[in-house]
Amino acid sequence: MSFWVIVRISLKALSRNKIRSVLTMLGIIIGVGAVIAMVSVGQGAQRQVQEEIAAMGTNTLMVWTGSMRSMGVRGGTGTMNTLTAEDFEAMVYECPAVKAVSPSASTMGQVVFGDQNWSTRVEGYNEQLPALRNWNIVQGSFFDESHVKTAARVAVLGQTVVNQLFGGSDPVGQTIRIKNLPFRVLGVLDKKGFNAWGRDQDDTIMVPYTTVQKKFQGGVLYVQSGMVGAASARATYAAQEQITALLRQRHRLGPFQDDDFTVRNLSEIAETAEATNRIMTTLLASIAAVSLLVGGIGIMNIMLVAVSERTREIGIRMAIGARPGHVRVQFLSESIVLCVCGGILGLALGVGGSVGISQFLGWPTLISPNSIVISIIFSGAIGIFFGYYPAHKAAGLDPIEALRYE
Amino acid sequence: MTKTPSSSFDILASLSPASSGAPRLNGADSRVSGIISLREVSKTYDLGEVRVEALKGLSLEITGGQFVAIMGASGSGKSTMLNILGCLDRPSSGVYLLDGVDVSTFSAAQRADIRNQKIGFIFQSFNLLARTTVWENIEAPMLYGGVPKPERAKRIEEALKVVGIPEKAKALPNQLSGGQQQRVAVARALVNRPAILLADEPTGNLDSATSEEIMRFLQHLNRQKQITLVMVTHEHDIAAYASRIIHMKDGRILSDEVNEEMKRDA
């Protein structure tokens, strides 16, 4: 007897009890749907962080002044002005793992062009920034070394700023006013979108950091922070050690003195963020998996009812020549069909749910082919696991007893 | 649709002319099979505290093509014997030879194959699959027997014609009268071309006119196709159609005689 013949017998049996079949499936539908939707939320968040980190450059390090790290005690001693542009320059020469650096200095300011104005971040960097942050120029060009040396009043605009100030027209070559000082627009940055913390990265203006220091910070010589590009993603930890050693030496810190700066490795941050996300995903998925388990128990319950309800049918089938194995396969395939159909419908529900979540809640979601395949295989496995006992019970019936059953 | 290869099927194929696809429904078959031989068969049920001896060392020979009625009061062991003859049950001791093969030691799966290939059952309560069409009911034994689809369709149409209800193929059992349901059951019992037909009170749920109709049909079938027919009944009227009547009491054969006044169809 062919396997498909038995499957057809099970399908017929299920279609005779449509409402019950659907209700039984409901547990699996909701379970699989919940798992898919939850995992998609978790994976969406994970991917967003990964993209964010990749956009920042996985081989990037951040260096801050000490006051950033210890607001209370150290802030009071007035040592926040410890980092200088020379510190960063020295890194390139002294640290073999460091490839490029850019000091940074930023401020907030009102920007005006024609009759439009907009308040935005004004970020100061050197000419290395596009390479460091993996950020391209779509129109015009970035500022160069001579602009940085002369603290030139030149600016490169983010997409949001372009939209706010220029509408549709071409900004390159125009002159805008930042905090009442005229700046020439050199270029426009590529669209970057929101970062993992929900900040619009395109809402920015980039100028040479020297310009920020001279024109907006009253000519200070220290910088608040800076970016460092390591030679490779693997070299970031070496770079971190080398920078720490170099800065301690340059700042003449004794062996018992704390660092007056902070070096943060971005892949470290990425790992932390990813670990957090993975824990969240696992947590959500396991809560959803509990409902899948409950659905499986529902299947077993209904199959047990079906076996005792159809005892006579089993007896008749045995009398006309069904082997115990045939009966076992019949009931097992009924529960597998229930679970796999439930799994497929649950998949649709989960995909719909995750689309709904990203549409209405604005959370990023990601449905990976893996989670689709796993959920279908898993629901089949539930069918086998929870269907085996009822099927085994049916196959073990004594044909005489079964025929006598009323 | 392929036949599942298995050792028991192989045994059947080599030993049973019935399973080799001889066209039994199409007219008289000269080959005689369906030879039953019980030797010192006992059946004891262990019901916890009490042990019930349903059969007590019973021996019986039935030649192929005989029509045997088994009579006896309830508790005489006639149902137990029919269950053993039908390979639904195994004897506690003794030997059951079916066409020369000792089937008393067969496993559950092997007995299922024997029931499928060599034995047809007719029950008092018809035992059709509920909410399943007549066509599918008759098809069921062939599904387990691995008969290919076109052959199945051919045999179902034939069987429906033989039992005289070709127009009821699409009907459900609960849309049929008792007599019609029993005809479907007979068609189902015949469709795998068995050597033996076992009937357990086949007319017990039918009125007397329908009973007579069914009995004449069974008698005709027995004579025409040389199918061994063993029937359990407690009605003398019904037993009268058989050529041999066995009376049982307390798990033993009380009498075993040729039926001189056998009712014959006109």
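This is a predicted model: local features need pLDDT of at least 70, side-chain atom pairs count only at pLDDT 80 or more; totals for chains, interfaces and linings use all residues.
Which side chains of chain A and chain B meet in a salt bridge, 2.9 Å from N to O? That is taken up in point 2, after a word on the model.

1. In it, 25 residues of chain A are in contact with 30 residues of chain B. The size of an interface is often given as the accessible area lost when the parts come together. Here the two chains, A and B, bury about 2400 Å² between them. Carbon and sulfur atoms account for 57% of that area.

2. **Salt bridges and polar contacts.** The side chains in question are Arg323(A) and Asp113(B), with 2.9 Å from N to O. The count of salt bridges between chain A and chain B is two. The rule also finds nine residue pairs in polar contact across this interface, with both residues at pLDDT 80 or more.

3. Four elements of chain A give two or more residues to the side that touches chain B: α1 (3-16), α12 (311-319), α13 (324-361) and α15 (399-404). Of these, α12(A) gives the most, with six residues. By class, this side of chain A has 12 nonpolar, eight charged and five polar residues.

4. **Arg115(B).** This arginine lies in helix α3 of chain B, residues 108-118. Is Arg115(B) buried or exposed? Arg115(B) counts as buried because its relative accessibility is 4%, and the cut-off for buried is under 20%. Leaving aside neighbours within four places in sequence, Arg115(B) is in contact with residues of both chains. In chain A these are Met318(A), Ala319(A) and Ala322(A). In chain B they are Gly86(B), Cys87(B), Leu88(B) and Phe121(B). Arg115(B) and Ile196(B) are 81 residues apart in sequence, yet their C-alpha atoms are 9.5 Å apart in space.

5. **Helix α13 of chain A.** This helix has 38 residues. From its first C-alpha to its last it reaches 53 Å, close to the 56 Å expected at 1.5 Å a residue. Just after α13(A) comes Gly362(A), with a positive phi of about 75°.

6. **Chain A overall.** Chain A holds 15 helices and 10 strands. Of its 406 residues, 50% are buried. Take the contacts in chain A between residues at least 6 apart in sequence: 78% of them join residues at least 24 apart.

7. **Ser104(A).** This serine sits in strand β2 of chain A, residues 98-113. Ser104(A) is buried, with a relative accessible area of 11%. Beyond neighbours within four places in sequence, Ser104(A) is in contact with Gly124(A), Tyr125(A), Val223(A), Gln224(A), Ser225(A) and Gly226(A).

8. **Helix α4 of chain B.** Why is this helix, residues 134-145, described as largely enclosed by the rest of the structure? Because 10 of its 12 residues are buried. Among them are Asn137(B) and Glu139(B), along with Val134(B), Ile138(B), Leu143(B) and Tyr144(B). Gly146(B) follows α4(B), and its phi is positive, near 75°.

9. **Backbone points to check in chain B.** Most residues other than glycine have a negative phi. Glu40(B) has a positive phi, near 50°, and is placed in strand β1, residues 36-47. Arg131(B), not a glycine either, has a positive phi of about 55°. Arg131(B) is found in the loop between β6 (119-122) and α4 of chain B.

How values were computed. Residues are numbered from 1 along each chain as its sequence is written. Chains are lettered from A and ligands numbered from 1 in the order in which they are written. Side-chain values use heavy atoms; hydrogens and water are left out. Contact means heavy atoms within 4.5 Å. Buried area is the accessible area (1.4 Å probe) that two parts lose on being put together, summed over both. A salt bridge is a side-chain nitrogen of Lys or Arg within 4 Å of a carboxyl oxygen of Asp or Glu. A polar contact is a pair of N or O atoms within 3.5 Å; within protein, one must be able to donate a hydrogen and the other to accept it, and residues adjacent in sequence count only if both atoms are side-chain atoms. Ala, Val, Leu, Ile, Met, Phe, Trp, Tyr, Cys and Pro count as nonpolar, Asp, Glu, Lys and Arg as charged, and the others, Gly among them, as polar. The expected span of a helix is 1.5 Å times one less than its number of residues. Buried means under 20% relative accessible area, exposed over 50%, partly exposed in between (1.4 Å probe, protein chains only).
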